[in-house]
Amino acid sequence: IRRSSAQITALYAPDDLIGRQVLGVVNFPERLVAGFASQVLVLGVYAPDGVVLIQTDRPVPNGVKLG
């Protein structure tokens, strides 16, 4: 389990993310963001109403490399 300080709360509640596959970078060094240790860079795009997470269009094994 890793933690991220991604600013995605405008469009996603914590319960919305359970079981969802999203893309992220885990081999960056841990970064302190506003006193919080962020261990994952969650990937998303900026939209007018908030950050939209980037997801796979079909299930893939967790932890595979982003190509």
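This is a predicted model: local features need pLDDT of at least 70, side-chain atom pairs count only at pLDDT 80 or more; totals for chains, interfaces and linings use all residues.

Modeller: Residues count from 1 along each chain as its sequence is written, and side-chain values use heavy atoms, with hydrogens and water left out.

Colleague: In what order do the elements of the protein chain run from the N terminus?

Modeller: Helices (H or I, at least four residues) and strands (E, at least two) are DSSP runs, numbered from the N terminus. The protein chain has one helix and six strands. Read from the N terminus, the order is α-β-β-β-β-β-β.

Colleague: What percentage of the 67 residues in the protein chain is buried?

Modeller: Buried means under 20% relative accessible area, exposed over 50%, and partly exposed in between (1.4 Å probe, protein chains only). By that cut-off, the buried share of the 67 residues is 13%.

Colleague: Is isoleucine 54 buried, exposed or partly exposed, and why?

Modeller: Isoleucine 54 sits in the segment after strand S6 (50-53). Because its relative accessible area is 31%, isoleucine 54 counts as partly exposed.

Colleague: Among contacts between residues at least 6 apart in sequence, what percentage joins residues at least 24 apart?

Modeller: A contact means heavy atoms within 4.5 Å. Of the protein chain's contacts between residues at least 6 apart, the share joining residues at least 24 apart is 57%.
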